[in-house]
Amino acid sequence: MTVNIGAIVRSYSKKYSINNTAKLLIELQLSSCSLKVKPKSAEPFNHCRWLLANNVVNEKTIVSQLKICEDSANSYKHNFYSWTYRLWLINSFRRFILLKEELEWSKQWIETNISQFCGMNYRFNLLLISLQSGEDAQNFDMRQARITKFISEFLFVCDLVLYYPDTESLWSYLRLLVLYCEATEIDYVKNCSNRLVCLEKIKNRFALRFKENIIARNLF
């Protein structure tokens, strides 16, 4: 008979961490230590998620969890568990998080991690959340806010592609933005015509070097 000691310990920890602030902080710290050893592990993130969902938490705790997500994402590239947990934090504890600051942080992270599509997908979800929250629609109707936000994002990624034309993750993110713009009838061609001329040249050069690359051939 095989006994899962880890599962027993986590079950015990959950039982005694509800409504116990000191125990909650200890459990979160233990999970953080676990992630330093094995940053791409689902169990510590799932444990933290359960702890936060079943206890009263404050802003300091959420900020520390965001830092843990950043550290684990930097320690292990393409860390899906880290990014999904971070997105869960944003959705569950938005009252403690300024979306504009989070958007700025994600932008800076992408600029220094251009090959990591997980971070780009996270930022795309942040953009959708910011539109739903109405934070960017104070002086515009929702459609105008969407156009402004995504055209700005499109140009941001265009600039990165111009500098790093051989980075597939950037092309993937650019294609994601294009598909969204087309689905929501945002005329990115009208708003970005000059950049598109440059991108078309890059796309052709990229396609010649990597003829099998579907992203390069079907982006526009």
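## The largest pocket

About 390 Å³ of space lies in the largest pocket of this predicted model. Its lining is made up of 21 residues. Those that lie nearest the centre of the pocket are Leu-28, Gln-29, Ser-64, Gln-65 and Ile-68.

Which helices supply at least two residues each of this lining? They are α2, residues 21–37, and α4, residues 59–75. The largest share comes from α4, with nine residues.

## Overall make-up

The protein contains 12 helices and zero strands. Read from the N terminus, the order of elements is therefore simply α-α-α-α-α-α-α-α-α-α-α-α. The protein has 220 residues, and 43% of them count as buried.

## Helix α7

Helix α7 covers residues 117–133, which is 17 residues.

Which residues of α7 are buried? They are Gly-119, Met-120, Tyr-122, Arg-123, Phe-124, Leu-126, Leu-127, Ile-129, Ser-130 and Leu-131. In an α-helix there are 3.6 residues a turn, so residues three or four places apart point the same way.

Glu-102 belongs to helix α6, residues 99–112. With a relative accessibility of 5%, Glu-102 counts as buried, because the cut-off is under 20%. Glu-102 and Arg-123 are 21 residues apart in sequence, and their C-alpha atoms are 8.9 Å apart in space.

## Aromatic rings

The count of aromatic pairs in the model comes to 11. One of them joins Phe-124 and Phe-150, whose ring centres are 5.9 Å apart with 70° between the planes, an edge-to-face pair. This pair links distant parts of the chain: Phe-124 is in helix α7, while Phe-150, 26 residues away, is in helix α8, residues 142–163. Both Phe-124 and Phe-150 are buried.

Phe-124 also pairs with Tyr-180. Their ring centres are 5.7 Å apart and their planes lie at 80°, so this pair is edge-to-face. Phe-124 in helix α7 and Tyr-180 in helix α9, residues 168–183, are 56 residues apart, and the pair links distant parts of the chain. Tyr-180 is buried, as is Phe-124. Elsewhere, ring pairs link Phe-45, Tyr-85, Trp-88 and Phe-93 into a cluster.

## Charges over rings

Two rings have a charged side chain over the face. Arg-86 lies over the face of Trp-105, at 3.8 Å from the ring centre. Lys-107 lies over the face of Phe-156, and here the value is 5.1 Å from the ring centre.

## Cysteines

How many disulfides does the model have? The count comes to zero. A disulfide is a covalent bond between the sulfur atoms of two cysteines. For Cys-48, the closest cysteine sulfur is in Cys-69, at 8.5 Å. The cut-off for a disulfide is 2.5 Å, so this pair is too far apart for a bond. The search from Cys-69 leads back to Cys-48, again at 8.5 Å and too far for a bond.

Are these two cysteines buried or exposed? Cys-48 has a relative accessibility of 2% and so counts as buried. Cys-69 is buried too, with a relative accessible area of 1%.

## Two residues in loops

Asn-58 is placed in the loop between α3, residues 42–53, and α4. Its relative accessible area is 41%, so Asn-58 is partly exposed. Along the chain, Asn-58 and Arg-95 are 37 residues apart, and their C-alpha atoms are separated by 9.9 Å.

His-78 lies in the loop between α4 and α5, the latter being residues 80–92. The backbone angle phi of His-78 is positive, at about 60°, although this residue is not a glycine. At 41% relative accessibility, His-78 counts as partly exposed.

Key:
Residues numbered from 1 in each chain as written. Heavy atoms only, no water. Helix = DSSP H or I, 4+ residues; strand = E, 2+ residues; numbered from the N terminus. Expected span 1.5 Å × (residues − 1). Buried < 20%, exposed > 50% of the residue type's maximum accessible area, 1.4 Å probe, protein only. Phe/Tyr/Trp six-rings, centres within 6.5 Å; stacked < 30°, edge-to-face > 60°. Lys NZ or Arg CZ within 6 Å of the ring centre and 35° of its normal. 1 Å grid on protein atoms, 1.4 Å probe; cavity = no way out; pocket = protein on both sides within 12 Å on 5 of 7 lines; lining within 4 Å. Points joined across faces, edges and corners; volume = space filled by probe spheres on them.
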